[in-house]
Amino acid sequence: MKLKTIKDADVKDKTVLVRVDYNVPLENGEVMDDTRITESLPTLQYLLKSGAKIIVMSHLGRPKGDNNDELKMDPVAKRLGELLKVNVKKVDSCIGDEVEEAVKALEAGDVLMLENTRFHDEEKKNDKNFAKKLASYADLFVSDAFGTVHRAHASTEGVTHHLDSYAGFLIEKEVEALTPLLGKVDRPFVLLLGGAKIDTKIGVIKAYISKADKILLGGGLANTFVAAQGFNVGESLYEEDKMDLARELMLEAEKEGCEIVLPGGTIVADEISDSVVTADMEITGVEGNMKMLDIGVKTLYKYLDILKEAKTIIWNGPVGLYEKQPFERGTREIADALRGYKGKTYLGGGDTLSALKHFGFDRKDYTHVSTGGGAMLELLEGKELPGLKVLQA
Ligand code: ADP
Ligand code: MG
């Protein structure tokens, strides 16, 4: 996929509307993890250096259309200012008189941040007039919000119908790193999938059955497959209505010669806490109120052996409830080991990244760590992403 990038644009003295993904975790009005802000800096710095006037916009959390004080962009604007070392002016809406005034006052080298785009219902509905209004403040549009390119919202897709649109450096980097995986890859090619829910990952399993040599499953996702095999999963997180689908996928994989590997052993506990007593047992022993909360140690070693031999690895989703110490081992040891393995390693997903951060592992130790969860997976499924399509050269 060839993209129009900001290098192709003449931005001097132009007002540039930049869509970033500043959907960052906040606590007590402070940005807890500024990775997404840091990742956008190359694009913003380039625009500033090139003499542009910048308007940045993003969504933050799920405010459901209403103004929500806890989801205002002020802490984000503050942190961006500190990182960029410029004064970032923040307005309290993303359209309207205040925005108009602030845009008029912009000079080359200025940065203005709009309020959370999701304070307007029109954002997710990709409302034409709302998009047109956003677009009216600028001369051109730059998209650098890789994490949201799989969604056709007003600020990611709608505005591109009204402005010349270009990809920023982060989107360019993500697309360059990930698209080779759609072609011929070095084998063995192993996909490791975990996390809580099946439905966001099912498409990937389907798409990769014909491509990957092995698909290793962990987390709540694996529990559904284990239940679908007829085992008792006790009180584990699983999706009963997805068991048929799980069985279909297992059959399809068998036909295609792709091995879907389920955990044979699991760490169980009867509650989720930091101090609970756990047991490592075979899947066949699970019963009563037991919850399967991590892969067992024998399974962990089996997965590590497979990953060690792999030449290409895609990993999305923690294999256990890593936030709690008794269930972090599987995710921690896999993340740790991948740093030393010979295969190329592609990681993505909000919680997968949080897990790396939680364990203190450096993103640089992997081939590519994507800022996108859903966006990465949909791109890797070969789907057309609405927010990328509009940036094509
Ligand atoms: P990502 O954001 O990386 O795509 P998901 O959002 O799908 O990952 O899932 C991450 C969540 O899944 C984490 O909060 C983790 O605690 C949870 N999880 C993983 N394994 C289990 C399990 N066995 N039971 C319950 N929750 C789990
Ligand atoms: Mg998640």
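# A guided tour, from loop to cavity

Start by selecting Asn28, which lies in the loop between β2 (26-27) and β3 (30-31). Here helices are DSSP runs of H or I with at least four residues, strands are runs of E with at least two, and both are numbered from the N terminus. Asn28 is not a glycine, yet its phi is positive, at about 50°. With 79% relative accessibility, Asn28 counts as exposed (over 50% is exposed, under 20% buried and in between partly exposed, with a 1.4 Å probe and protein chains only).

Before moving on, note that this is a predicted model: local features need pLDDT of at least 70, side-chain atom pairs count only at pLDDT 80 or more, and totals for chains, interfaces and linings use all residues. Residues are numbered from 1 along each chain as its sequence is written, chains are lettered from A and ligands numbered from 1 in the order in which they are written, and side-chain values use heavy atoms, with hydrogens and water left out.

**Stop 1**

Asp13 is a residue other than glycine with a positive phi, near 60°. Its relative accessible area is 47%, so Asp13 is partly exposed.

Now jump to Pro188, in the loop between α6 (169-178) and β9 (189-193). Which form does the peptide bond from Arg187 to Pro188 take? That bond is cis, with omega near 0°.

**Stop 2: two domains**

Colour residues 6-172 as domain 1 and residues 183-381 as domain 2; these bounds come from an automatic or database domain assignment. Taken over C-alpha atoms, the centres of domain 1 and domain 2 are 34 Å apart. Nine residues from domain 1 and nine residues from domain 2 take part in the contact (heavy atoms within 4.5 Å).

**Stop 3: charged pairs**

Side chains of opposite charge can pair when their charged atoms come close. How many salt bridges does the structure hold? There are 27, a salt bridge being a side-chain nitrogen of Lys or Arg within 4 Å of a carboxyl oxygen of Asp or Glu.

Select Arg363 and Glu39, whose side chains form a salt bridge at 3.3 Å, N to O. Arg363 sits in the loop between α12 (350-359) and β17 (368-369) and Glu39 in helix α1, so this pair ties together parts that are 324 residues apart in sequence. Are these two residues buried or exposed? Arg363 is partly exposed at 24% relative accessibility, whereas Glu39 is buried, at 18%.

Next, show Lys72 and Asp92, a salt bridge whose closest N and O atoms are 3.3 Å apart. Because Lys72 is in the loop between β4 (53-57) and α2 (74-84) and Asp92 in the loop between β5 (88-90) and α3 (97-104), the pair ties together parts that are 20 residues apart in sequence. Lys72 is partly exposed, with a relative accessible area of 22%, and Asp92 is partly exposed too, at 41%.

Lys90 is buried, with a relative accessible area of 15%. To see the network of salt bridges, select Lys72, Asp74, Lys90, Asp92 and Glu115 together.

**Stop 4: the cavities**

Rolling a probe the size of a water molecule over the atoms shows where empty space is left. On a 1 Å grid over the protein atoms alone, a cavity is a set of points where a 1.4 Å probe fits but cannot get out, and its lining residues have an atom within 4 Å of a point. Points are joined across faces, edges and corners, and the volume is the space filled by probe spheres set on them.

A search of the whole structure finds two cavities of 30 Å³ or more. The largest cavity holds about 80 Å³ of space. It is lined by 14 residues, and the closest to its centre are Gly219, Asn223, Pro263, Thr266 and Asp294. Helix α8 gives the most to this lining, with five residues. By class, the lining of the largest cavity has eight nonpolar, five polar and one charged residue (Ala, Val, Leu, Ile, Met, Phe, Trp, Tyr, Cys and Pro are nonpolar, Asp, Glu, Lys and Arg charged, and the others, Gly among them, polar).

Finish at the second largest cavity, with about 60 Å³ of space. Its lining includes Arg36, Ser40, Phe146, Thr371 and Glu39, the residue whose side chain meets that of Arg363. Helix α1 (residues 35-49) gives the most to this lining, with three residues.

Definitions and conventions. 1 Å grid on protein atoms, 1.4 Å probe; cavity = no way out; pocket = protein on both sides within 12 Å on 5 of 7 lines; lining within 4 Å.
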